[in-house]
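Student: I would like to go through this structure step by step, asking about one part at a time.

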Amino acid sequence: MRERVRPRDDSGTRQWLAKKKQEWRDRLDREADPAAVPIRPPYIMKVLSETLPEDAVISLDVGENQWWFGRNFRMKRQRFAMSGYLGTMGFGLPGAIAAKLAYPEKSVVCITGDGGFAMVMADFTTAVKYDLPIVVAVLNNHDLAMIREEQREADYPPFGTDLTNPDFATYAEACGGAGIRVTRPGDLRDAVIRALAMDKPVIVDIETDPKRFQ
């Protein structure tokens, strides 16, 4: 079979694929509106894509944050872990703690929603106790947004998805870590860079769009 295969230079296909790839990237850039308030999830993922180190380890929680990561985050050489189809909300923070123990020399970032984080937030004190510098980026939309979306797709009215959250940044300080609260898109990049530079566990509490971006 190998002897029968002929080399083929199909430059047209490569050009078509490159064009489609660029069109997709342009669309993601348009969605990441840097002026929208509350901060749009696509913009959060754009900033994280541009600021997280290329060799970082990312622990991804279950929820709408997972959707936005898969759609809008642009991976480089980062490694990431997630619960996958098990749907285990609350995976992000303990996953980050485990990642920092396994790779102490690397930057470790947890990307989570407020629902998943609230389920395991007491474990943030574990990161403080064992001096594990991790960054927890909380997409705080005061809602179980993935559940809301699943209800909408099934033609059910939203029910029981709204959340009453504490100030996660203040909570981080109370635990002995550091907390940064972000409500304006222009402050997000500096907040992430500051958090990555701190030698302690940090929660970046990001006030984001409470409804799925269309």
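Student: Which side chain meets Arg 71 in a salt bridge?

Tutor: This is a predicted model, and the distances discussed here are computed from it. Side chains of opposite charge can pair when their charged atoms come close. In this pair the N to O distance is 2.5 Å, which falls within the 4 Å that a salt bridge requires. The partner of Arg 71 in the salt bridge is Glu 31.

Student: How many residues apart in sequence are the parts that Arg 71 and Glu 31 tie together?

Tutor: Arg 71 counts as partly exposed at 27% relative accessibility, whereas Glu 31 counts as buried at 9%. Arg 71 belongs to helix 3 and Glu 31 to helix 1, which covers residues 11-31, so the parts tied together by the pair are separated in sequence by 40 residues.

Student: Which residue forms a salt bridge with Lys 106, and where does that residue lie?

Tutor: The closest N and O atoms of this pair are 3.8 Å apart, and the residue that pairs with Lys 106 is Asp 55. Lys 106 lies in the loop between helix 4 (92-102) and strand 3 (108-113), and the two residues are in parts 51 residues apart in sequence. Asp 55 is partly exposed, with a relative accessible area of 34%. Its place is the loop between helix 2 (41-51) and strand 1, and the residue asked for is therefore Asp 55.

Student: How many salt bridges does the structure hold?

Tutor: Some salt bridges share partners, and in this way Asp 29, Lys 46, Glu 50, Arg 74 and Arg 189 are joined into one network. Counted over the structure, the salt bridges number 15.

Student: In which sense do strand 1 and strand 2 pair, and what is the handedness of the crossover between them?

Tutor: Strand 1 covers residues 57-60 and pairs with strand 2 over four bridges, in the parallel sense. Leu 60, for instance, has Met 82 in strand 2 as its bridge partner. From strand 1 the chain passes through helix 3 (residues 64-72) on its way to strand 2, and this β-α-β crossover is right-handed.

Student: With which residues is Ala 81 in contact, leaving aside its neighbours within four places in sequence?

Tutor: Ala 81 lies in strand 2, and at 35% relative accessibility it counts as partly exposed. Between Ala 81 and Asp 61 there are 20 residues of separation in sequence, while their C-alpha atoms are 8.8 Å apart in space. Once the sequence neighbours are set aside, the contacts of Ala 81 are Ile 58, Ser 59, Leu 60 and Phe 91.

Student: Which residues form a nonpolar patch on the surface together with Phe 80?

Tutor: Phe 80 is in strand 2, residues 79-82, and counts as partly exposed because its relative accessibility is 41%. The patch has about 270 Å² of accessible area together, and the residues that form it with Phe 80 are Met 75 and Met 82.

Student: Which helix do the buried residues of helix 7 pack against?

Tutor: Helix 7 spans residues 145-153, and in it Ala 145, Met 146, Glu 149 and Gln 151 are buried. Just after this helix, Asp 155 takes a positive phi of about 65°. The buried residues of helix 7 pack against helix 3.

Student: What share of the 214 residues in the chain is buried?

Tutor: One example is Ile 134, which is buried with a relative accessible area of 1% and has its place in the loop between helix 6 (124-129) and strand 4 (135-140). The contacts of Ile 134 beyond its sequence neighbours include Leu 93, Val 108 and Pro 201. For the chain, the share of buried residues is 44%.

Definitions and conventions. Residues are numbered from 1 along each chain as its sequence is written. This is a predicted model: local features need pLDDT of at least 70, side-chain atom pairs count only at pLDDT 80 or more; totals for chains, interfaces and linings use all residues. Side-chain values use heavy atoms; hydrogens and water are left out. Patches are made of residues with over 30% relative accessible area and no salt bridge: like charges are joined within 9 Å, nonpolar side chains (Val, Leu, Ile, Met, Phe, Trp, Tyr) within 5 Å. Accessible areas come from the Shrake-Rupley method with a 1.4 Å probe; for residues, only the protein chains shown count as cover. Buried means under 20% relative accessible area, exposed over 50%, partly exposed in between (1.4 Å probe, protein chains only). Contact means heavy atoms within 4.5 Å. Two strands pair if DSSP finds at least two bridges between them. A crossover is right-handed if, with the strands pointing away from the viewer, the path from the first strand over the helix to the second runs clockwise.
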